[in-house]
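Please look over the sequence and the model, then read on.

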Amino acid sequence: MAGSGLKRRRRRRIHLSKLYTLTCTQAFFKQDHSQIGGPGYSRLVIINEPDSPEADSSSYSDNYVRTTKYTLATFLPKSLFEQFRRVANFYFLVTGVLSFTPLAPYTAASAIFPLLFVIGATMVKEGVEDWRRNKQDIEVNNRRVKVHRGDGNFDSKEWKTLSVGDIVKVEKNQFFPADLVLLSSSYEDAICYVETMNLDGETNLKVKQGLEVTSSLREDFNFKGFEAFVKCEDPNANLYSFVGTMELKGTKYPLSPQQLLLRDSKLRNTEFIFGAVIFTGHDTKVIQNSTDPPSKRSMIERKMDKIIYLMFFMVVLMSFIGSVIFGVTTRDDFKDGVVKRWYLRPDSSSIFFDPKRAHVAAFYHFLTAAMLYSYFIPISLYVSIEIVKVLQSIFINQDIHMYYEEANKPARARTSNLNEELGQVDTILSDKTGTLTCNSMEFIKCSVAGTAYGRGVTEVEMAMGRRKGSPLVLQSDDVEYNKEPFAEEAKVKGFNFRDERIMNGNWVTEPHADVIQKFLRLLAVCHTVIPEGDEDTEKISYEAESPDEAAFVIAARELGFEFYNRTQTSISVRELDLVTGKRVERLYKVLNVLEFNSTRKRMSVIVQDEDGKLLLLCKGADKLSKNGREFEVETRDHVNEYADAGLRTLILAYRELDEKEYKDFSVRISEAKSSVSADRESLIEEVTEKVEKDLILLGATAVEDKLQNGVPDCIDKLAQAGIKIWVLTGDKMETAINIGFASSLLRQDMKQIIINLETPEIHSLEKTGEKDAIAKASKENVLLQIINGKAQLKYAGGNSDAFALIIDGKSLAYALDDDIKHIFLELAVGCASVICCRSSPKQKALVTRLVKSGNGKTTLAIGDGANDVGMLQEADIGVGISGVEGMQAVMSSDIAIAQFRYLERLLLVHGHWCYRRISTMICYFFYKNITFGFTLFLYEAYTTFSSTPAYNDWFLSLYNVCFSSLPVIALGVFDQDVSARYCLKFPLLYQEGVQNVLFSWRRILGWMFNGFYSAVIIFFLCKSSLEPQALNHQGKTPGKEILGGTMYTCIVWVVNLQMALAISYFTLIQHIVIWGSILVWYLFMTVYGELPSEISTSAYRVFVEALAPSLSYWVITLFVVVSTLLPYFIYSAVQMRFFPMYHGMIQWLRYEGQCNDPEYCDMVRQRSIRPTTVGFTARLEAKKRSVRRSEPES
Amino acid sequence: MPSNTASSSSAPAGSADSSASRTKSKRPKYSKFTQQELPACKPILTPGWVILTFLVISVIFIPLGVVSLFASQDVVEIVDRYDNDCVPPPARANKVAYIQGGSDKSCNRTLVVPKKMKQPIYVYYQLENFYQNHRRYVKSRSDSQLRSVKDENQIDACKPEDDVNGRPIVPCGLIAWSLFNDTYALSKNNQPLTVNKRGIAWKSDREHKFGKNVFPKNFQEGNITGGGRLDANKSLSEQEDLIVWMRTAALPTFRKLYGKIESDLEKGDTIHVTLLNNYNTYSFDGKKKLVLSTTSWLGGKNDFLGIAYLTVGGICFFLALVFTIMYLVKPRRLGDPTYLSWNRVPGGGR
């Protein structure tokens, strides 16, 4: 405890509000507070007296957050409603009800049973899924927080019990339980640091500051008797606005977003804060932001609906044809007093067969026929698909290759609806921070005095180095050197620099030791980092605004310049003295901090060292040095090299100021800072611009925004699979571009089309503050840039030149306007890589919607933070990275994985398999039901369409449930065209899904046709071989039940053997279910036939007595089955050999053992529909090209 | 078919243990099942297998076809259509009136045995264009009533042949009511041929579906008489004509067993049939045929199956040849990207 007390004391010495120029803080006071109390601004909160009746807090929602679909009470009606919203299920419900009327061609029980079975199974599944969701809710709602109980005492309570007006105490690294108004913090000036990673994905900490009037309430007991009123806006989804007033002891103070702490953000670097609850539960901004999880359906399922409509149409058509013929024959039976088919007693008939009212009879017959032909529509389709998908999800969850050891997290498919959609992804929209990168910065290289240091190898370089023929092979020894960094020493977070030349103080012997010294000193001094930890021991950690700042300070420390203390005006560094070679402590007086801003792209500090020398230390983007200086060429080369390796580079430079110059500057900067005019910013800028010139170059640093393991590899594979990858990030443009390079989405020879609004005209317009004019000009500007971009694309035409589109959030807002979004989309689709930076969560979602609806292709969004929630929900598939940060993204995702790289396996293996399985399964389903249903129709033709079922009632209803269901489920769960290894080896196979080859109408109709002709062959062959002669040598002739039994046997054989022909992967399970289904049919026939004839009716002993002893039955079965399957067999034999599909080729490869022949494999692999344009493979290709191009010149 | 077992099988890494000891590891358990690496046979249709399959089919089918055809040829069948001939020429203008009239319906037919027929010789009647499979007809029966006396009032399904003035008809329904009632008396060389009418129905029907103590009641006593009458003193289980009739036929052309002749007939024997042409098929233009037939192991005479077997067997043999030639003439070239189905149509997605 002593340590922390010490720490606190030290912190108190610093008024952080003066260290940071909190420009954003003060800017909001212009905002109109007069609306408060008016419509939309009517919320009244009485703080610290939640029981007061005036507060009316009962009308505010409690802090319980619910994400489940059903409650106990609504489960039954709601889920039943969901079930019968499916048109097929509704149809079966109607036929089920009708089956109780005399219209039914079969018994009611046999019609209802499958429906009950199917609905029951689905509801159980729904229930289980919702139960799991409920468990997660409970976990979140039961987190605890300290709440003011009264009399200055704080108690730990559950989140869900919080109510509006409560005062809570949130401690370091805790999440805020609701939206709070910040009252005070452990700092004197009521400042606190907030990490809003979960909200907007930005990693840098945000500073919030409470009102001055409440900042003194820093102890628990201060809240005894504290009372305040807050009037503010109503709950809304806008994360960045908040308008309110706080009334304290009769005085009103304006509240701005600066005082608002949002739920799901995290308190950082601050011991504790006190805050008053303003919005709870579903009123909080983050929950308001998250729309209801839309129930997503995959493309295949939507297409399946169309097939079902087609089937309905066929059923209606067949019923109609039947009804017409039936009506005519019925009418003819009794015309003008002449009875034709007297044995039907047409003269005395119920309405269903009444010749006198034949049209009515025909209408009723239509209903009956529609019931009979309901076997065209596979009743078990939905439930089978759902069972299959659940099992597929289990496979995804169980995949050991998608288990992340370090975080102990397996992949988790949260919804099973979208498995097959994973096989059809056309565009991936990826978040950056936490998704592509692991959100840690590592100092990895530097260039000092024209010499490059650092042997660290980036992910990209490693990935490239692994490929043969790479020029980086030369550095392979470095790769090995770096292979086991963990073994050598405990790795320092943020520092991955290896170079014995300057480590451990060796730099003193280097040629330009003085430059190196200045370089390292600059790193140690020029920053806004606060050291933390015990001053005496050498364990000092740093709290920085951004992780790259921290990386610099850590690097300086590791290289011998340890920054260990900061006061209001000074920085203390332990450094190695070049002359004496001893460690000395030096104190630098900080005179000015010139903050980083996006126009200057640099930050500087002006310090005075112990000798009284005034130094301007500056680090910034590469524009820094303008005219020729020492080492400039080398440094520039290095910087380019680093940038291409995906590193963030900064150039370091310094200069000495003389007294007079500084004084001059000092006066002017304080003038500028105290000015209140609108162009205060630009005044400051002007002044700083003046002083930051004639700098002397020291060198450059390269920081790796550490990519997650295997990201370049994964992106490369995905690119090879023809998937487009867009990066949508909240980050700055520079950062985004850097990551683009790091992850191989960008490379040097790509033409970048950058769209932004950083033009002088817009800036000058912005100063005038006329919103309409700004908007209009901006939009025109953006449109112009887009059109220019398109022109460039067009000009490049078929060239292999790849384009990259980089657009920032502001421009994106205009580009997404309805009238120009399609042009924008066209441009974006034409580019190999698209990077949207500075995009808000809403924009991410909008971009996703644009891509999804614009080109109708499947989109996958992947992200890890709450800022990605909109995107995840909007996309066809949302993949959440279950990283270290909150659960928001995971909670609203469809599938959660632990690392970006697992996407490769998720898509290329599971996605491909699931797509293949589901699409084949659906095709097969319709095939088998057509085969079955159409024999019914054909038989009808021989009964003058009187709707006599050809089969026994229970044969009818069990067809879908018993004799043909398991093999198709096994197909859906287990089938593999090629094994996982080949899926990954030939990523192009994935295009089968993207192009939807396996579920094209051609294929679907092909399968349907297969069903129709199978039915025709089965029916006519059975009919011709059975009737009218004797069945066996005892002279017995076959009746209806025997024809039905024989046909049914043939159908069971045919559909099951068809399955065996269609799949290419036989495990024991396949054997069991296929042969088992056939066996079950025989068993069923036997057992059911042995039941008393009351139950088995027309099936009574048919098999045992009539079919089995008759040789003709067996001979006919053999003949019919083989003949029916023969056409398909011929078709697939021809296709496999002469027109193989891509998976067929890979099967050949495997079969012929050619997969070890790299050249041959490459040929198959490279057979791409579009050339790979991103990823390091493409980069290597590009490099080869440029080498070739440059050869003739040299 | 060629069988390859799945080759890739990565054993779980040893590093799992360390994390397992700290917290409960969520690492999925490795098993071939969960990793979808079950050993599997992955057949593909190689030329060899395709040709072999065709050959095997033809090797099985052709002999089977020959055997079936022989079996069918062995069967001797005499078919005699008599519906037209048994109406006296003057009445032929209005056959319906004739059949519904009260005149003598007897008719003599002469059949010549073309080949030696070994006993048992089955006597069938064959009806054509008779829709025993019509839904109204099929459902118009009461199985429970046929089975036991106590259910004789279960006649809901039998309308309009359910009761006579409130007394239930046994057996009720249209099927029973329209019982076929032509009778045949056969004689060979003026010696009557005994036609055995026992054992013509399925045993299960006799024993379980038609009750031993269920006797016909009020049968054919309604205002319209349908077909044949039943002996009110014989239980239903003994009325085999009814039982045969009540097992409805699948198609509008059907044969039903009338009886068996349990003596051989020699080639050239003349058989005189004295038949009573009672049954009305004239209303609906149905044909009536008398059939005498022996059976083989495959049942009655039907060349279709044998010919079909031979045809398919032949086709398969032919295909085997064609495929052999195709494979030899045009070996597959994997290197040709035009084979890729989505490359053939520009733009791909259909």
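## Cavities

A cavity, as the word is used here, is a set of grid points where a 1.4 Å probe fits but cannot get out. Its volume is the space filled by probe spheres set on those points. The model is predicted. A search of the whole structure turns up 18 cavities of 30 Å³ or more. About 140 Å³ is the volume of the largest cavity.

The largest cavity is lined by 17 residues, and the closest to its centre are A:Thr1037, B:Trp202, B:Val244, B:Arg247 and B:Lys256. Two elements of chain B, helix H8 (240-246) and strand E9 (254-261), are the ones that give two or more residues to this lining. Strand E9 of chain B gives the most, with 3 residues. Sorted by class, the lining of the largest cavity holds 8 nonpolar, 4 polar and 5 charged residues.

## The interface of chain B and chain A

The size of an interface is often given as the accessible area lost when the parts come together. For chain B and chain A, the buried area is about 10400 Å², and 63% of it is on carbon and sulfur atoms. Chain B puts 118 residues into the contact, and chain A puts in 118 residues.

How many salt bridges cross the interface of chain B and chain A? The rule finds 4 salt bridges there. A salt bridge joins the side chains of A:Glu405 and B:Arg27, with an N to O distance of 2.8 Å. Polar contacts across the interface of chain B and chain A come to 40 residue pairs, both residues being at pLDDT 80 or more. On the side of chain B that touches chain A, the largest share comes from helix H9 (residues 303-329) of chain B, with 10 residues. By class, that side of chain B consists of 57 nonpolar, 39 polar and 22 charged residues.

## A:Gln608 and its surroundings

The last section turns to a single residue. In chain A, A:Gln608 is part of strand E25 (residues 602-608). The side chain of A:Gln608 reaches a backbone oxygen, that of A:Gly612, at 3.3 Å.

Which residues is A:Gln608 in contact with, leaving aside its neighbours within four places in sequence? They are A:Leu587, A:Tyr588, A:Lys589, A:Leu591, A:Lys613 and A:Leu614.

Notes:
Residues are numbered from 1 along each chain as its sequence is written. Chains are lettered from A and ligands numbered from 1 in the order in which they are written. This is a predicted model: local features need pLDDT of at least 70, side-chain atom pairs count only at pLDDT 80 or more; totals for chains, interfaces and linings use all residues. Side-chain values use heavy atoms; hydrogens and water are left out. Contact means heavy atoms within 4.5 Å. Buried area is the accessible area (1.4 Å probe) that two parts lose on being put together, summed over both. A polar contact is a pair of N or O atoms within 3.5 Å; within protein, one must be able to donate a hydrogen and the other to accept it, and residues adjacent in sequence count only if both atoms are side-chain atoms. Helices (H or I, at least four residues) and strands (E, at least two) are DSSP runs, numbered from the N terminus. Ala, Val, Leu, Ile, Met, Phe, Trp, Tyr, Cys and Pro count as nonpolar, Asp, Glu, Lys and Arg as charged, and the others, Gly among them, as polar. On a 1 Å grid over the protein atoms alone, a cavity is a set of points where a 1.4 Å probe fits but cannot get out, and a pocket is an open set with protein on both sides within 12 Å along at least five of seven lines; lining residues have an atom within 4 Å of a point.
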